[in-house]
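Subject: The model I promised you

Hi,

Here is the structure I said I would pass on.

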Amino acid sequence: MTTAAAPAKTSAPVKDVTKAQGGALFVLFWAIAVVLWIIVGLFDDAGLRGFVVDAGIVFASLGIASPFLATHRSLRIALGWGALALGLFAVFNLAEITVLVYLMRMFVPLIAFLAPVNKFINGYRVFV
């Protein structure tokens, strides 16, 4: 007599980001961005100053998107993209590739603003 095995679970349980967590992340990321924008005058190197300003842009963008992220998975994806943006900003600023720096200065906030806009318009989530 053989018994059939129980079907395996295919996905982990979904953990939602609460409104309090999203609001706390909004305040935290914006506080980091403001501090970075305040201390930028302490640096002499133009590439480093640009990177500090751009890091503030990344943190402010994450702050804008964080209250509208539904799950912890989407939050991790957004943080991963933010880390990638910081790395690209570091490379482009220190290598003085101005065209790509300005492209990213427009692209990063655009993607962050898509999270609340698309959630209100049609329920589409940017960071799945």
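Helices here (H or I, at least four residues) and strands (E, at least two) are DSSP runs, numbered from the N terminus.

Before going further, some ground rules. This is a predicted model, where local features need pLDDT of at least 70 and side-chain atom pairs count only at pLDDT 80 or more, while totals for chains, interfaces and linings use all residues. Residues are numbered from 1 along each chain as its sequence is written, and side-chain values use heavy atoms, with hydrogens and water left out.

**The whole chain**

The chain has 4 helices and 0 strands, so in sequence order the pattern reads α-α-α-α. Of the 128 residues, 33% are buried. Buried means under 20% relative accessible area, exposed means over 50%, and partly exposed is in between (1.4 Å probe, protein chains only). The chain exposes about 8400 Å², and carbon and sulfur atoms supply 72% of that. These areas come from the Shrake-Rupley method with a 1.4 Å probe; for residues, only the protein chains shown count as cover.

As for contacts (heavy atoms within 4.5 Å), take those in the chain with a separation of 6 or more: residues 24 or more positions apart account for 66% of them.

How confident is the predictor? pLDDT is its confidence in each residue, from 0 to 100. The chain has a mean pLDDT of 86, and 84% of its residues reach 70 or more. Confidence is highest in helix α1 (residues 19–39), at 94, and lowest in α4, at a mean of 87.

P109 counts as buried because its relative accessibility is 18%. Leaving out residues up to four places away in sequence, P109 touches I57, S61 and M104. I57 is 52 residues from P109 in sequence, yet their C-alpha atoms are 7.4 Å apart in space.

S61 belongs to helix α2 (residues 46–65). With 7% relative accessibility, S61 is buried.

Helix α2 itself has 20 residues and reaches 29 Å from its first C-alpha to its last, close to the 28 Å expected at 1.5 Å a residue. That expected span is 1.5 Å times one less than the number of residues. Because 15 of its 20 residues are buried, α2 is largely enclosed by the rest of the structure.

**A salt bridge**

Side chains of opposite charge can pair when their charged atoms come close. A salt bridge here is a side-chain nitrogen of Lys or Arg within 4 Å of a carboxyl oxygen of Asp or Glu. By this rule the count is 1. The partners are D54 and R105, whose side chains meet at 2.6 Å, N to O. Since D54 lies in helix α2 and R105 in helix α4, the pair ties together parts that are 51 residues apart in sequence. D54 is buried, at 0% relative accessibility, while R105 is partly exposed, at 26%.

Which residues does G82 contact, leaving aside its neighbours within four places in sequence? They are V58 and L62. G82 lies in helix α3 and is buried, at 7% relative accessibility.

V27, in helix α1, counts as exposed, at 53%. The C-alpha atoms of V27 and A60 are 9.4 Å apart, and the two are 33 residues apart along the chain.

**The loop between α3 and α4**

Most residues other than glycine have a negative phi. E96 is not a glycine, and yet its phi is positive, at about 60°. E96 is in the loop between α3 and α4 and is exposed, at 65% relative accessible area.

I97 is in the loop between α3 (72–94) and α4 too, and is partly exposed, at 34%. Together with L100, L103 and M106, I97 makes a nonpolar surface patch of about 350 Å². Patches are made of residues with over 30% relative accessible area and no salt bridge: like charges are joined within 9 Å, nonpolar side chains (Val, Leu, Ile, Met, Phe, Trp, Tyr) within 5 Å.

Cheers

Definitions and conventions. pLDDT = per-residue confidence, 0-100.
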